[in-house]
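Welcome to a short tour. Open your viewer, switch to a cartoon display, and get ready to select a few pieces one after another.

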Amino acid sequence: MGGKQLVGRLALPPQASITPVPAVLVMHGWGANASMMGPVVPPLHAAGFAVLLVDARCHGHSDDETFTSMPRFAEDIAAGLAWLRQQPHIDADQIALLGHSVGAAAALLHAAHHDDVRAVVSLSAFAHPAEMMRRFMAGKRIPHLQMGWYVMRHVQRVIGVDFDEIAPLRTLPAVRCPTLLAHGIQDLTVPVEDAHRLLATSSNARLLLVEADHDMREALAAHAHALVTFLHHAFEPATIALKPQAH
């Protein structure tokens, strides 16, 4: 991506040796890496999905950059999708995205601008990056009026985009594929109210509440059936209603 190398790991189910299989591209959150998303692999693998775990730039084993950002996470998702579609064991028309936190926001950003995935699973997505930054700075006791506003203006200038343009509150309504918003009820990093606000913006989204905190990957095991069922339904071919002909 931009001359930089991304590193990922593709897990293929046994069915892939017989016929191309559907796939899920998984993007981790800020400061994490692909291996930390390992707990989501077993239920998807058992259901017949290939799983591509990607390290975003500046994370894991992928190359570093001068900076990274949520839009760059989305660019790395696009690069991973392009690679995935070239693999002979993958059904290129049957691909979904799964992201955690910033990775979830990036997945929504990608899907809002591209009709190339069949579904999005969002884990612990925040509603707006400015709110996320305010919460972070408040935790560090950085006064907003004196310094916080300058920090946010500087970040937006560096990444080259206004927070309002990439906020999930704005991108989710533009996502046309089915979207599952999974969120931890005990999430102190991104309050569960963010998930309810996001849900209210989209007729294509549904909400899955989980007894978990922000890092909800392990807790998802108890909801594996709901996750797999959602993806199977999203991958089903659309039915066309035929009008009866007049005689």
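**Stop one: a strand and its neighbours**

Strand 6 and strand 7 (residues 205–210) pair in the parallel sense, with 6 bridges between them. Keep in mind that this is a predicted model. Show side chains and find Leu180, which stands opposite Arg206 of strand 7. Now trace the chain between these two strands: from strand 6 the path goes through helix 8 (residues 192–199) to strand 7, and this β-α-β crossover is right-handed.

Next, select strand 5 (residues 119–123), which runs parallel to strand 6 and is joined to it by 4 bridges. Ser122 has Leu181 in strand 6 as its bridge partner.

Is strand 6 (residues 179–184) mostly covered or mostly open? Strand 6 is mostly covered, with 6 of its 6 residues buried. Thr179, Leu181 and His183 point one way, while Leu180, Ala182 and Gly184 point the other way.

**Stop two: helix 9**

Select residues 224–235, which form helix 9. At 1.5 Å a residue, its 12 residues should span 16 Å, and the end C-alpha atoms are 17 Å apart, which agrees.

Colour the buried residues of this helix: Ala224, Leu227, Val228, Phe230, Leu231, Ala234 and Phe235. They cover an arc of only 155° around the axis, so they sit on the same side of helix 9. Which exposed residues does the face turned away from the buried side carry? Look there for His225 and His233.

Terms used. Residues are numbered from 1 along each chain as its sequence is written. This is a predicted model: local features need pLDDT of at least 70, side-chain atom pairs count only at pLDDT 80 or more; totals for chains, interfaces and linings use all residues. Side-chain values use heavy atoms; hydrogens and water are left out. Buried means under 20% relative accessible area, exposed over 50%, partly exposed in between (1.4 Å probe, protein chains only). Two strands pair if DSSP finds at least two bridges between them. A crossover is right-handed if, with the strands pointing away from the viewer, the path from the first strand over the helix to the second runs clockwise. The expected span of a helix is 1.5 Å times one less than its number of residues. The arc is that of the directions from the helix axis to the C-beta atoms.
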